[in-house]
Amino acid sequence: TPPNPQPTGWYGRSVATDGNTIVIGMPKLDGKNGNNVGGVFVYEKVDGRWKSEPSEKFEGLAEGDEFGYAVGVSGDTIVVGAPGRDLDESKNVGAVYTLQRRNGKWRAPSDSASLLGLPAGLQPRQRFGRSVAIDEDVVAVGAPGIFQQKMGQAYVYERDSKNFNWGAPISLIPPDTVVKL
């Protein structure tokens, strides 16, 4: 259970595991930056046993971010979707953050240091970051789009393994035809 449980926080909305690390998202967490900022809890296995208390807790940066709606972990990298993140006056464009473990400590998110570059042309209510996945140096991000339009996209980012910078996103567009089973 999360420390200081909040009945409407959606603790466990997203979970991911890799080796000795479990990441749990709580996108409706109210925090110091407002309502529904969201949060992520990191649990680790130490000396062959899982710690029942999180080793780290991170909160979203702004009200309504829904930080933790989607999470992924691979090695020393956690990816966190915040599909409620606003961009200037555009509501719910979304964002994805990366958290890096350095010298055994996870680095907190910040807009400048950990935000994946947004693809060009994202629209209000695109909800970029509603789903995320990571495998080593590849991150995939879903942006389901506006519900009424039923048009979403997915994006792939690759990290340069030498300098650890994430490259520009590659758009994966949906096929024109969907086969009904």
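Predicted model: local features only at pLDDT ≥ 70, side-chain atom pairs only at ≥ 80, totals over all residues.
Visitor: How do strands of a sheet pair, and in which order do the four strands of the open sheet here stand?

Guide: In general, strands of a sheet pair through backbone hydrogen bonds, either parallel or antiparallel. Here, four strands form an open sheet in the order 6-7-8-9. Their pairing is antiparallel.

Visitor: Which strands stand at the edges?

Guide: Strand 6 (70-74) and strand 9 do. Each has a single partner strand, so one side of each is left without a neighbour in the sheet.

Visitor: How many bridges join strand 6 and strand 7?

Guide: Five bridges, in the antiparallel sense. Strand 7 covers residues 77-82. For a place to look, find Ala70: it stands opposite Gly81 in strand 7.

Visitor: Now the loops. Where is Asn103?

Guide: Asn103 lies in the loop between strand 8 (95-102) and strand 9 (105-106). Check its backbone: phi is near 55 degrees, a positive value in a residue other than glycine.

Visitor: Is Asn103 buried or exposed?

Guide: Exposed means over 50% relative accessible area. Asn103 has 83%, so it is exposed.

Visitor: What is the phi of Asn36, and where is that residue found?

Guide: Phi of Asn36 is near 55 degrees, a positive value in a residue that is not glycine. Asn36 is in the loop between strand 2 (21-26) and strand 3 (39-46).

Note on methods:
Residues numbered from 1 in each chain as written. Heavy atoms only, no water. Helix = DSSP H or I, 4+ residues; strand = E, 2+ residues; numbered from the N terminus. Buried < 20%, exposed > 50% of the residue type's maximum accessible area, 1.4 Å probe, protein only. Pairing = 2+ DSSP bridges.
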